[in-house]
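Reader: I'm new to this, so please pick one part and take me through it slowly. I'd like to see how it sits against its surroundings.

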Amino acid sequence: MMNDLLQRTRSIKLAIFDVDGVLTDGKLYFLVDGSEFKTFNTLDGQGIKMLINSGVRTAIISGRKTPVVERRAQNLGIQHLYQGREDKLDVLDELLAELGLTYEQVAYLGDDLPDLPVIRRVGLGMAVASANDFVREHAHGVTQARGGEGAAREFCELIMRGQGTLDAAQSAYL
């Protein structure tokens, strides 16, 4: 299984992340004034930065729209942000047309049914450990970590390991 996943990473040029349940624990926190906040994992953020530095483009596609996600994407250097978009496959097709990429060059990390059409279409479609059972069954692989708890880092490191860039990414901090 691991060899298959590593083989799938070799052609990846774009990594796409869902937000709720993937970059976060999936909980929605609302304050009395109606505003909301999310918690993000710093290990995931570092993994995304390393992946970007290794030459892989990044994107977020989320069905929900919040300023917090926009700020997080900017802080991490995520190049493409799509929020409030329920049909993620439509967004994927738009993005591929814009970037001149194929499905096989895309990796996607998701957790729930709206992510499934993309997970099944791309070259490397993965689910987080805390994903819906049906989604996990139909993904190419499942992270050991749960969403918001290092799953995105694991996904990023898998891609870099398969592309031979993980050691260099880590050694840059020595």
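This is a predicted model: local features need pLDDT of at least 70, side-chain atom pairs count only at pLDDT 80 or more; totals for chains, interfaces and linings use all residues.

Author: Let's start with the open sheet: six strands in the order 5-4-1-6-7-8, with parallel pairing. Residues count from 1 along each chain as its sequence is written, and side-chain values use heavy atoms, leaving out hydrogens and water. Strands (E, at least two residues) and helices (H or I, at least four) are DSSP runs numbered from the N terminus, and two strands pair if DSSP finds at least two bridges between them.

Now for the close look: helix 4. Its buried residues (under 20% relative accessible area, 1.4 Å probe, protein chains only; exposed is over 50%, partly exposed in between) are Lys88, Leu89, Val91, Leu92, Leu95, Leu96 and Leu99. Down the helix axis they fall within an arc of 155°, so they line one face of helix 4; that arc uses the directions from the axis to the C-beta atoms. On the face turned away from the buried side you'll find exposed Ala97 and Glu98.

What covers those buried residues? The cover includes strand 1 (14–17), strand 4 (57–62), strand 5, strand 6 and helix 5 (116–121), where contact means heavy atoms within 4.5 Å. Strand 6 (residues 106–110), for its part, pairs in the parallel sense with strand 7 (residues 124–127) over four bridges. Just after helix 4, glycine 100 has a positive phi of about 70°.
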